[in-house]
Amino acid sequence: MLGHQAYGQVDVVPDADTTKADQMHIDHSDEVTSALNEANEEIRTFLGNVALRQKNTFMYCDSAIVNDNNVEANGNIVIQQGDSISIFSDSLSYQGDIKLAHLYYDVSLMKDSQKLFTDALVYDLEIKRAVYYNWAILTNDTTQLRSKRGYFYVNDNEAFFKDSVTIVDPDFELKTDTLKYNTKTGVATFLAPTLINQGDGKIYCEGGYYDTKKKQAHFIGNAQYVKDGQEAVADHMHYNGDTETITLTGNASFKEDSTFAYADTIIYEENSKLTYLIGNARVRGDQKIDSDRIVYNSETESFETEGRARVVDGPQILDADHIVSESETAIASGNVVWVDTVEQVSIECEHLNFNKETEHLIASGGRPLLISLIDDDTVYMSSDTLISYRRERLISTDTLTGVQAFEKDSMRTMIAYPDVRILKSNLQALADSV
């Protein structure tokens with residue numbers, strides 16, 4: 001140093017160069033020293049309650065070394081930019097001509113409810129962009145985001161996170177490698193493979209977004225959902241957290257235990273356990289179900305179809321315009337065709353009630369028609385009502401308990417009434433009942 005000058009407490013210290021539009025002003029310090037370096041530049045050191053100002057940006061610290069527009073500051077650093085942005089740290093290196101601040105140790109940037117915490121931050125005061133390279137946490141209301149590297153455009157409310165990104169929210173936890181997050185809308189946009197945990201449920205995708213405020217999300221790119229034996233896959237997957245509904249489109253499939261479902265669009269309601277299959281709908285499990293639209297409950301194995309439908313259950317086939325199945329009972333209506341491929345029997349009617357366990361069948365409406373193959377000859381029988389069932393016969397009785405055991409007759413019994421008409425190659429008949 002070529003010179004030295006000391007002051008007591010000062011409220012205003014003259015600027016080195018008042019011709020600069022963005023000149024750094026020192027509004028206050030308890031003590032100041034001044035010296036010239038080898039380049040004949042004035043170096044000023046300010047100690048105690050230091051207050052600096054550059055246009056509408058205010059800086060406060062315990063001590064600061066000022067060289068023209070460059071500042072090296074330490075202790076209780078505060079940068080106040082406008083009414084909404086505040087930055088705190090232990091030390092600061094500031095280049096005033098380009099308005100670039102390097103902040104170190106216990107750094108926190110705050111804007112409204114948004115808070116960014118890290119140990120090293122580069123902040124561009126001109127474009128209001130914060131950059132970190134060694135881990136940071138951003139909190140926004142109840143959502144917390146963490147990553148190794150990131151960019152936060154404070155004015156635009158947009159943050160880009162890179163490398164080991166984690167979001168923790170009361171409703172979910174998210175892990176990815178690259179993420180864009182809007183701190184105002186709460187929308188997280190996935191820019192890399194992403195895994196989301198929601199209690200027992202897990203969602204994987206390679207793109208899409210999650211709206212943390214509206215609790216809605218859209219997942220694309222090999223989107224997959226897994227929860228309690230349920231698995232869903234689709235090109236596009238939409239999630240509504242308020243209604244707990246998942247909508248799948250594009251190569252959509254849904255699996256629960258041993259039951260598979262496929263359709264152009266699949267909507268699954270977590271609360272009701274209902275699966276809506278829309279367009280080219282198929283269910284594969286104990287039964288095979290095909291229709292334009294199927295509403296399926298895998299928990300009760302009940303379903304309802306809309307549009308022409310086919311149900312295959314072992315050797316029995318049921319076609320109809322509308323089918324409702326609950327527990328062991330099925331009700332079909334509209335151009336109904338029921339076929340038993342083993343017994344080579346079919347029934348055509350408008351309405352059909354069928355019990356799978358008892359094999360009890362009632363056909364009515366539109367003059368039900370029974371078609372049966374007997375001795376290589378086809379028998380046609382029509383009436384107002386057709387009833388089919390298997391009789392139960394006693395096979396044994398326990399001599400000690402008296403408990404009886406029954407089995408179904410291998411032969412099916414058919415009842416037709418009234419106005420019965422029978423046609424065979426060598427027979428025609430009319431009767432009230434058969």
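Which strands each supply at least two residues of the lining of the second largest cavity? I started my notebook with that one, and I got β22 (245-256), β23 (259-269) and β24 (274-284). Strand names here are DSSP runs numbered from the N terminus (E, at least two residues; helices are H or I, at least four).

**Ground rules**

I am working on a predicted model, where local features need pLDDT of at least 70, side-chain atom pairs count only at pLDDT 80 or more, and totals for chains, interfaces and linings use all residues. Residues are numbered from 1 along each chain as its sequence is written, and side-chain values use heavy atoms, with hydrogens and water left out.

**Entry: cavities**

I searched the whole structure and got two cavities of 30 Å³ or more. My grid has 1 Å spacing over the protein atoms alone; a cavity is a set of points where a 1.4 Å probe fits but cannot get out, a pocket is an open set with protein on both sides within 12 Å along at least five of seven lines, and lining residues have an atom within 4 Å of a point. Points are joined across faces, edges and corners, and a volume is the space filled by probe spheres set on them.

The largest cavity holds about 180 Å³. Its lining has 15 residues, and Q287, V311, D313, A330 and F354 are the closest to the centre. I traced at least two lining residues to each of β27 (309-313), β28 (316-320) and β30 (329-340). By class I got seven nonpolar, five polar and three charged. For the classes, Ala, Val, Leu, Ile, Met, Phe, Trp, Tyr, Cys and Pro are nonpolar, Asp, Glu, Lys and Arg are charged, and the others, Gly among them, are polar.

Back to the second largest cavity: its volume is about 50 Å³. I listed F254, E256, T259, F260, A261, T275, V283, Y296 and S298 as its lining. β23 gives the largest share, three residues. The lining splits into five nonpolar, three polar and one charged.

The largest pocket has a volume of about 350 Å³. Of its 13 lining residues, L370, S372, I374, R412 and M414 sit closest to the centre. Two or more lining residues come from each of β33 (369-374), β34 (377-382) and β36 (404-417), and β36 has the largest share with four. I counted nine nonpolar, two polar and two charged residues there.

The second largest pocket comes to about 270 Å³. Its lining has 18 residues, with T259, D286, Q287, Y296 and E301 closest to the centre. The classes are four nonpolar, eight polar and six charged. I noted that T259 and Y296 also turn up in the lining of the second largest cavity.

**Entry: strand pairing around β10**

Strands count as paired if DSSP finds at least two bridges between them. β9 (residues 114-124) and β10 (residues 129-132) pair antiparallel over three bridges, with D124 opposite R129. They make a hairpin with four residues between the strands, and K128 in the turn has a positive phi of about 55 degrees. On to the next partner: β10 also runs antiparallel to β13 (residues 149-153), joined by four bridges. There A130 stands opposite F152.

**Entry: positive phi**

Most residues other than glycine have a negative phi, so I looked up two exceptions. D68 has phi near 60 degrees and is in the loop between β5 (57-67) and β6 (70-81). N335 has phi near 50 degrees, but its place is in strand β30. D68 counts as partly exposed because its relative accessibility is 26%; the cut-offs are buried under 20%, exposed over 50%, partly exposed in between (1.4 Å probe, protein chains only). N335 is partly exposed too, at 45%.

**Entry: Y181**

Is Y181 buried or exposed? I get 1% relative accessibility, so Y181 counts as buried. Y181 is found in β15 (residues 172-182). Leaving out residues up to four places away in sequence, its contacts (heavy atoms within 4.5 Å) include L138, N157, F161, V187 and T212.

**Entry: cysteines**

I found zero disulfides in the whole structure, taking a disulfide as a pair of cysteine sulfur atoms within 2.5 Å. C61 is buried at 5% relative accessibility, and C205 is buried at 0%.
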